[in-house]
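Here are a few exercises to work through with the model open beside you. Try each task before you read its solution.

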Amino acid sequence: MSARILNIWRKELLDNFRDRKGLIQSILIPLLFGIFYAVFDPILNDIISRRAADPIIVPALGLEYATQDLIDVLALVEITLVEYEGDLAEAVRRAEEEAGLIFPEDFRETVETGGAAPLILLTNPTAGGLIGGFSSERLEITVSVYNDLLAQRRLQTRDLDPELVTPIVLDIRNLATPEQLGGVFAAISLPVLLGFILTIGGLYIAIDVTAGEKERGTLESVLVTPASDLEVLLGKLMAVFSMTLIPLVLTFIGFWAASNLLSAFRAEDTLLPFTVVLYAIGVGMPLALFINVATMILSVRTRSFKDAQSAATPLTLGVTLGALAAAFVIPSNVLAYLIPIYGSCAVIGRLASGAVVPAGAVALSIAGSLIAAVIGFMIAVILFDRERMLYGG
Amino acid sequence: MIEVTDLVKHYGAIRAVDGVSFRCGDGQITGLLGPNGAGKTTTLRMIAGLIRPQSGSVMIDGRDITRDSQAARALLGVQSDMTGVYPRLTPREQFRYYGRLYGLKGEALEGRVQAVIEQLHMTEIADRRAQGFSRGQRQKIVLGRALIHNPQNILMDEPTNGLDVMAVRETRESIRQMRGEGRCVLFSTHYMDEAERLCDSIAIIARGQIVAQGTPDELIRRTGKENLEEAFVTLAGGADGLLKSEAAQELAR
C-alpha cells in the first residue's frame with residue numbers, strides 16, 4: 001500500500017515541478033508577496049517619518065500681520081511662511097497646496113492686547129497623496145504650542161500660576177517592549193500572509209491532481225489499476241501538502257529575512273524574532289493539511305480546472321476572512337484557538353506582537369487544524385467515488 | 001479469460017445494459033460491436049471496474065471485479081477511449097508510474113518498461129516529454145501503460161479511433177501479437193472491416209442487450225448477408241434500431 005502512495009506522491013511532485021506556470025503560482029508569487037510585504041512597510045514608514053521631518057514652506061495671506069514670535073516658533077520646526085498671491089483657499093481645495101495660513105488685519109494687534117486673535121488654517125488631507133498631509137499636522141501642533149506659550153505669558157503678566165489653567169498634566173509612558181513595537185506590523189501581516197500562502201500555495205496542485213487529471217483524461221487510467229481509492233487520494237494529498245510546505249517555509253523565512261536583514265530602516269532592537277517564524281511554520285503545517293483537504297474536496301467533483309478554480313473561491317475567501325479576524329480580534333477564550341484557521345492565525349498574530357500566548361493555545365490550534373483535516377479527509381474519501389467522479393454530473 | 005454474466009446497469013428509467021452475458025477466451029480476440037448508445041462503453045467500464053453494476057458479475061481469470069476488485073484489476077490491462085497522457089512526463093516515466101501502480105519494482109519494472117518501449121517501437125520518443133506528441137504517439141503511451149504489467153487480459157475501447165493509417169496498422173499488429181502470445185483481448189470498434197479482419201469472436205450489443213455472438217463468418221451466414229457490416233445492421237435492429245440506440249444514449253446523458 002505505502003509503495004503505491006509513495007509512487008503517486010513522487011509522480012505528482014515530478015509532474016508539478018516541471019510545470020513552470022504552477023511553480024510560479026504556487027511558490028514564486030507567495031514568496032515575492034511575503035518579501036514585498038516585509039520590505040514595503042518599513043520603507044513606507046521611513047518615507048513618512050522623513051517626510052514629516054522635512055523643512056516645509058507654507059503659503060500665507062496677510063503675512064505682514066503675523067507676529068514675529070509666531071514666525072520664529074515656526075522656524076524652529078523648519079516651517080517657513082511665504083506670502084501667497086491669489087486665492088489660497090481655492091489652491092488648497094484643489095490640492096495644489098497642502099495647507100495655508102490667513103492672518104487677518106487685526107491679528108498682531110489682538111495678540112498684543114491680550115485678545116483672542118483669529119487665525120485661519122486651511123488644510124486638505126488629500127493633498128500630497130498617500131504620504132502627504134504633514135504640513136497641516138505640523139502647522140496645527142506648532143500653532144497650538146505657540147498658543148500655550150502666549151497663554152502662559154499672559155498669566156505670568158497677571159501674576160497668575162499657569163498651573164491654574166492646567167488641572168491635569170498627562171504623562172504618557174509607552175511601556176511597549178521593542179519586540180512589541182517591531183511586531184505591530186507583523187501581528188497583522190503574518191496571519192494574513194499565512195492564509196494567503198496556504199490557499200495560493202496549494203491551490204494549483206490540488207486542482208491539478210484532481211479536476212486537472214480528470215480534464216486531461218488520465219484519471220480513468222489510474223483508477224483501472226489495483227490502486228485503491230484511499231491510496232490514490234492519500235498519494236495526491238501528500239503531494240499537495242508537500243508542495244504547500246515549500247511556499248510556507250520559503251515565504252516565512254523570506255518575510256523574516258526581508259524585514260530584518262534587507263531593511264536598513266528598522267531599528268536593531270525591533271527585529272522580528274526568528275522563533276515567531278518557526279511557530280508560524282509549525283502552526284501553519286497542520287492548517288495547510290486542512291486547507292489542502294478542503295481544496296481537494298471542492299475540486300474532486302468538478303469537471304475541469306476552471307470549474308475547480310471557481311469552486312475554490314469561497315474557500316479562499318473563508319481562509320482570508322478567518323486570517324483577518326485573527327489579525328484584529330484577540331481570542332477571548334483559550335478554546336477559541338481550536339477554531340481552524342482563526343486559531344492558528346491568532347497564535348501567530350499574538351506571538352508576532354510579542355504578547356504572551358495562553359498556555360495550550362499552540363497545541364489547541366494544531367489540534368483544531370488536525371481534527372478538521374481528518375474530518376475533511378473522511379469526507380474526501382466518501383466523495384472520491386470513482387463512478388460518480390469520472391462520469392457523474 | 002473474461003466472463004461477463006447477466007450484467008445490468010440502469011440510469012433511472014434507462015436500461016443502459018440489460019442482462020449482458022458473453023465470454024472472451026485466452027488466445028482470442030473478441031470484438032464488442034454496437035451502435036452508439038447501445039451500452040458498449042458502459043459494459044466495458046463495468047468490466048474495468050470503473051462502474052458498479054446493479055447486478056450480474058464480471059470475472060477476470062476467476063476473480064470478481066466487484067468483490068475482489070484489486071486482484072481482478074491486476075489481471076487486466078485497460079486501454080480506454082480517453083487518450084489523455086501526462087504531457088510533462090516522458091513515456092518511460094509514465095510507464096514506470098503505471099508499472100509501480102501495478103506493483104512492479106526494481107529490475108522487473110525496468111525490464112517491463114524497456115520491453116514495452118521496444119514492443120511499441122517507441123525507442124526514439126521514450127525519453128522525450130509527451131507535450132506535443134501526435135495522437136498516434138499518445139495512443140502508444142495509452143497502450144503501453146495498459147500492457148506494462150504484462151496482463152493476461154486486455155480491454156481496448158476503440159483503439160484505432162482517430163489514428164492515421166500507419167498507426168492503425170501498428171495497433172492492429174499489436175493486437176494480433178497479443179493474441180499470438182495467448183492473451184485474451186476484448187475490444188470495441190466502429191470499423192466493421194477491422195472487426196472482420198481481427199476478431200475470432202464478435203458480440204453484438206444493441207439497446208443494452210447482446211443480440212448475437214459468434215465468429216464473423218457465423219454472423220454473416222446467420223443473417224444471409226454479404227459482409228459483416230450488413231449483418232451488423234440487421235442484427236442491431238436495422239436503421240431503426242441504430243436510431244433507438246442513439247436516442248437512448250441521449251436520454252442516459
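Axes are lines fitted to C-alpha atoms, for helices over the stretch in contact, and angles run from 0 to 180 degrees between N-to-C directions. Please keep in mind that this is a predicted model.

**Exercise 1. A helix pair in chain A**

Task: Work out how H10(A) and H12(A) are oriented to each other, and which residues of H10(A) meet H12(A).

Solution: 
1. Locate helix H10 (residues 274-300) and helix H12 (residues 342-352) of chain A, whose axes come within 9 Å and cross at roughly 180°.
2. Angles over 145 degrees count as roughly antiparallel, and H10(A) and H12(A) are therefore roughly antiparallel to each other.
3. On the H10(A) side, the residues are Val276(A), Tyr279(A), Ala280(A), Val283(A) and Leu287(A). They meet Ser344(A), Val347(A), Ile348(A), Leu351(A) and Ala352(A) in H12(A).
4. Sorted by class, this contact has nine nonpolar residues, one polar residue and no charged residues.

**Exercise 2. Where the chains meet**

Task: Describe the contact between chain A and chain B: how many residues does each chain give, and how much area is buried?

Solution: 
1. Chain A gives 29 residues and chain B gives 29 residues.
2. Together the two chains bury about 2900 Å², with 53% of it on carbon and sulfur atoms.
3. Within the area that chain A buries against chain B, 23% comes from Arg18(A), Val224(A) and Glu387(A), more than from any other three residues.
4. Now turn to polar pairing: between chain A and chain B there are 14 residue pairs in polar contact.
5. Next, look at the elements on the chain A side: helices H1 (2-17), H7 (178-216), H8 (219-223) and H14 (386-391) each give two or more residues. The largest share, seven residues, comes from H1(A).
6. By class, the side of chain A that touches chain B has nine nonpolar, six polar and 14 charged residues.

Key. Residues are numbered from 1 along each chain as its sequence is written. Chains are lettered from A and ligands numbered from 1 in the order in which they are written. This is a predicted model: local features need pLDDT of at least 70, side-chain atom pairs count only at pLDDT 80 or more; totals for chains, interfaces and linings use all residues. Side-chain values use heavy atoms; hydrogens and water are left out. Contact means heavy atoms within 4.5 Å. Buried area is the accessible area (1.4 Å probe) that two parts lose on being put together, summed over both. A polar contact is a pair of N or O atoms within 3.5 Å; within protein, one must be able to donate a hydrogen and the other to accept it, and residues adjacent in sequence count only if both atoms are side-chain atoms. Helices (H or I, at least four residues) and strands (E, at least two) are DSSP runs, numbered from the N terminus. Ala, Val, Leu, Ile, Met, Phe, Trp, Tyr, Cys and Pro count as nonpolar, Asp, Glu, Lys and Arg as charged, and the others, Gly among them, as polar. Angles under 35 degrees count as roughly parallel, over 145 as roughly antiparallel, 65 to 115 as roughly perpendicular and the rest as oblique.
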